[in-house]
Structure formats: structure tokens, C-alpha cells
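Please examine the structure shown below. The paragraphs that follow lead through its parts in turn.

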Amino acid sequence: MTANEAARGLVIVYTGDGKGKTTAALGLCLRAVGHGNKIRIIQFIKSDWPYGERRGLERLAPEVELDSLGIGCVGILGDDKPLEEHRSAAMKALQTAREAVASDRYDIVILDEINVAGHLGLIAAADILSLITAKPTRLHVVLTGRFAPPELIAAADLVTEMKEIKHPFRQGEPGRKGIDF
Ligand code: ATP
Ligand code: MG
């Protein structure tokens, strides 16, 4: 590998219907913190509900900065908020992501659940793509969530599809603290 190739940041996508997409992005974050990297995480859909990762990531400050800019699940689990509210939250997250990418202050920008926001039509696939085409060369961008758009998969350097083989949810089991949230 040439020095130029090593200096080129990657576009990494974790998608698919199996568990582990956000977990993989957080694992990558943990590894990068070990090298003193600066990481910005912007969560779409997810709100400031006390997911375990929120308090866990606080402990990795100041290297890691987290913003959860969603307002929760869309159209499921009792959500009755108008789609317009979800859309305006997603637009705010998108704008925050644009600024984070353009700032050149970070080594890695993680856009958690951005693919889901695209799939639900809260933002456009073209919006997702424009984030990575505009990125500073050295920046790594990680995009997670089911239903990654084909254009993103085509443009990315590294794509992993988590595939569900088994999940306790299928047996009616609730999510577990520390494992699922
Ligand atoms: P995680 O955050 O655990 O890495 P994920 O990012 O791959 O999961 P999401 O679609 O973001 O998956 O779903 C988040 C929540 O849904 C987590 O509580 C996770 O355990 C659960 N989940 C993930 N995959 C499945 C599945 N195939 N069936 C049921 N629940 C799932
Ligand atoms: Mg996830």
C-alpha cells in the first residue's frame, strides 16, 4: 500500500437484517479511540433515550462526541408522531452530518441508522451519497442501518451485510440491557 492509499479514508457500510450493525460501528470507534482518533457519532432516528451506548460513549469523551438527533421509532412501537416531525429531525441530523464531515475536525464520522432514515423517505438517497462524495480525503465515514441504498453500496469501499440466522426476538424475547440497548 502506498502512503497515499493509507491516508485515504474509507467509506464503510454496515447493513442487513441481522444484529450487529451499530455494535460494529461502536467497536470500530473503541479501537480508533485507542489510537487517539477523534470520532463524531450522529444518530438518526434514535433519540436521547438512555441507550447504554450513550453513557458508555460519554466515558470516551473528549475523543468521542455523540449527538442523537432522532425522535424515536417511526410508525412502530406506539409512535404517533407526524411523519413531518420525523422528517424535520432527520433533516437536522443530515445538516449536522454535513457540518461534521466538512469540518475536517474528525478522523471518523459515524452516521448511525442513516440508511433507515433514507429507507423511510425522511432523507433522500442522494443526500446520503452527497455526504461521502464531499468528504475530506482522509476522513473515514461509517454508515449503518438496514436497507443501505444500492448507490451507497456501489460507492463504498467496505460493505458488510449482517445476516440474521437467529435472534431471540423471534422467540418473543425482549431486548436485553447491555446487549440490545
Ligand atoms: P445492534 O444495535 O444491537 O448492533 P443493529 O444495529 O444491527 O443492532 P438495528 O436494526 O439498529 O440493528 O436494531 C436495533 C435493535 O433491534 C437492537 O436492540 C437489536 O438487538 C435489535 N435487532 C437487531 N437485529 C434484529 C433482528 N434481526 N431481529 C430482532 N431484533 C433485532
Ligand atoms: Mg443499529
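L77 lies in the loop between β3 and α4; helices (H or I, at least four residues) and strands (E, at least two) are DSSP runs, numbered from the N terminus. L77 is exposed, with a relative accessible area of 76%. Here buried means under 20% relative accessible area, exposed over 50%, and partly exposed in between, with a 1.4 Å probe and protein chains only. The phi angle of L77 is near 50°, a positive value in a residue other than glycine.

This is a predicted model, in which local features need pLDDT of at least 70 and side-chain atom pairs count only at pLDDT 80 or more, while totals for chains, interfaces and linings use all residues. Residues are numbered from 1 along each chain as its sequence is written, chains are lettered from A and ligands numbered from 1 in the order in which they are written, and side-chain values use heavy atoms, with hydrogens and water left out.

Another loop, between α3 (52–58) and β3, holds P62. The peptide bond from A61 to P62 is cis, with omega near 5°.

Contact means heavy atoms within 4.5 Å.

Strand β4 deserves a separate look. On one side, β2 and β4 run parallel and are joined by 5 bridges, and I42 stands opposite L111 in β4. β4 also pairs with strand β5 (residues 140–144), in the parallel sense over 4 bridges. In that pairing, V109 has V141 of β5 as its bridge partner, and I108 stands opposite H140 in β5. Is β4 mostly covered or mostly open? β4 is mostly covered, with 5 of its 5 residues buried. In a regular strand the side chains alternate between the two faces of the sheet. Both faces of β4 are covered: I108, I110 and D112 on one side, and V109 and L111 on the other, are all buried.

L158 is partly exposed, with a relative accessible area of 32%. Not counting residues up to four places away in sequence, L158 touches V11, I12 and V13. The C-alpha atoms of L158 and Y14 are separated by 8.5 Å, although these residues are 144 residues apart along the chain.

E113 is found in the loop between β4 and α5. E113 has a positive phi of about 65° although it is not a glycine, and E113 is buried, with a relative accessible area of 13%. Which residues supply the protein donors of the magnesium ion (ligand 2)? They are T22 (OG1) and E113 (OE), lying 2.1 Å from the ion. The pair links distant parts of the chain, 91 residues apart: T22 is in helix α2 (residues 21–33), and E113 is in the loop between β4 (108–112) and α5 (114–119). Donors are N, O and S atoms within 2.8 Å of the metal (3.2 Å for Na, K and Ca); water is not among the atoms, so sites may look incomplete. T22 also counts as buried, at 14% relative accessibility.

Ligand 1 is surrounded by 13 residues, of which the closest are K19, K21, T23, E164 and D180; a residue is near a molecule or strand if one of its heavy atoms lies within 4 Å of it. A polar side-chain atom of E164 lies 2.7 Å from a nitrogen atom of ligand 1. A polar backbone atom of D17 is 2.8 Å from a nitrogen atom of ligand 1, and a polar side-chain atom of H167 lies 3.4 Å from a nitrogen atom of ligand 1.

Finally, D127 is found in helix α6 (residues 125–133). D127 is buried, with a relative accessible area of 18%. Not counting residues up to four places away in sequence, D127 touches L94 and R98.

Terms used:
Pairing = 2+ DSSP bridges. Polar contact = N/O pair within 3.5 Å; in protein donor to acceptor, adjacent residues only side chain to side chain.
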